[in-house]
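This briefing is for a reader who is new to the structure shown below.

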Amino acid sequence: MTSSRPVLLFLGTTMASVSEEPAAVTEDEPAESLASQKREARLRKFRELHFKRNEARKLNHQEVVEEDKRLKLPTNWEAKKARLEWELAESEKKKECAARGEDYNRVKLLEITADDAERWERKKKKKNPDTGFAGYAEAQFRQYQRLTKQIRPDLEGYEKLREESGEDFYPTSNSLIHGTHVPTKEGIDRMVEDVEKQIEKRAKYSRRRAYNDDADIDYINERNAKFNKKAERFYGKYTAEIKQNLERGTAV
């Protein structure tokens, strides 16, 4: 009996140690899982930051490309584009009114407020009217302004040409685009029609000359009046003193 008691104590201690080992393992498992969760969270955060960095880099590159395109455009491109869009919308409204059988000017006036009408009237009064021929440079500039106002933009053709040209659409000093553009048949017909209209208008045009009632009558007929005006224009400053002496009667 006395010899069996130590054996029982040894068995009890071994069983207790065996039962304590799983408890230690269960205590280490939550720590390892917590560390793995933290590591996964850090990796996920790192992937998100990496994705955001790539996205920001892509957006920055797009902005740089767009800014470069804007810098290559003319200074007043935004105003021109807005005016072209307004003209297109205006032409669409005219077509709609024509399809309904309505007068476009009347429909447009119904949408204008009194303040807008007064402001536009003041702008019209401030405009410089055509005073006739004052010089070839000024006449050429007026003709250019009239022709450019008659141009109707083709934005669809513009976008198509920009897609086909690619980078050459915004030429640089190294671009070679001379002779690559071929005008369309519609554009050539439009140019011919416009030139014929100019010739017809020029044939009918006659500059109005103001008549001065207080001017001296120094001619005997219309032909002589024209000759005297030409002579005065070319030699008036040289013969002014002689003419004054003749009028005063003091000429030698």
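**Briefing**

Lys 185 is exposed, at a relative accessible area of 61%; exposed means over 50%, buried under 20%, and partly exposed in between, with a 1.4 Å probe and protein chains only. This is a predicted model, in which local features need pLDDT of at least 70, side-chain atom pairs count only at pLDDT 80 or more, and totals for chains, interfaces and linings use all residues. Residues are numbered from 1 along each chain as its sequence is written, and side-chain values use heavy atoms, with hydrogens and water left out.

**Overall make-up**

- The protein has eight helices and zero strands; helices (H or I, at least four residues) and strands (E, at least two) are DSSP runs, numbered from the N terminus.
- Along the sequence the pattern reads α-α-α-α-α-α-α-α.
- Of the 252 residues in the protein, 6% are buried.

**Salt bridges**

- Side chains of opposite charge can pair when their charged atoms come close.
- A salt bridge is a side-chain nitrogen of Lys or Arg within 4 Å of a carboxyl oxygen of Asp or Glu, and the count by this rule is eight.
- Lys 185 takes part in one with Asp 189, where the closest N and O atoms are 3.1 Å apart.
- The two residues Asp 189 and Lys 185 are separated by about one helical turn, because they stand four residues apart in helix 7 (residues 185-204).
- Asp 189 is partly exposed, at 38% relative accessibility.
- Glu 159 and Arg 162 form another salt bridge, with 2.7 Å between the closest N and O atoms.
- Arg 162 and Glu 159 are three residues apart in helix 6 (residues 155-165), so about one helical turn separates them.
- Arg 162 is partly exposed at 31% relative accessibility, and Glu 159 is partly exposed at 33%.
- Arg 100 and Glu 102 also meet through their side chains in a salt bridge, at 3.2 Å from N to O.
- Arg 100 has a relative accessible area of 48% and is partly exposed; Glu 102, at 38%, is partly exposed as well.

- Thr 184 belongs to the loop between helix 6 and helix 7.
- With a relative accessible area of 46%, Thr 184 is partly exposed.
- A polar atom of the Thr 184 side chain lies 3.2 Å from the backbone nitrogen of Gly 187.

**Surface patches**

- Patches are made of residues with over 30% relative accessible area and no salt bridge; like charges are joined within 9 Å, and nonpolar side chains (Val, Leu, Ile, Met, Phe, Trp, Tyr) within 5 Å.
- Accessible areas come from the Shrake-Rupley method with a 1.4 Å probe, and for residues only the protein chains shown count as cover.
- Ile 188, Met 191, Val 192, Val 195 and Ile 199 make a nonpolar surface patch of about 420 Å².
- Met 191 lies in helix 7 and is exposed, at a relative accessible area of 52%.
- A patch of negative charge on the surface gathers Asp 216, Asp 218, Glu 232 and Glu 247.
- For charges, Lys and Arg count as positive and Asp and Glu as negative, while His and the chain ends are not counted; the place of a charge is NZ of Lys, CZ of Arg, CG of Asp or CD of Glu.
- Glu 232 is in helix 8 (residues 222-248) and is partly exposed, with a relative accessible area of 46%.

How values were computed:
Polar contact = N/O pair within 3.5 Å; in protein donor to acceptor, adjacent residues only side chain to side chain.
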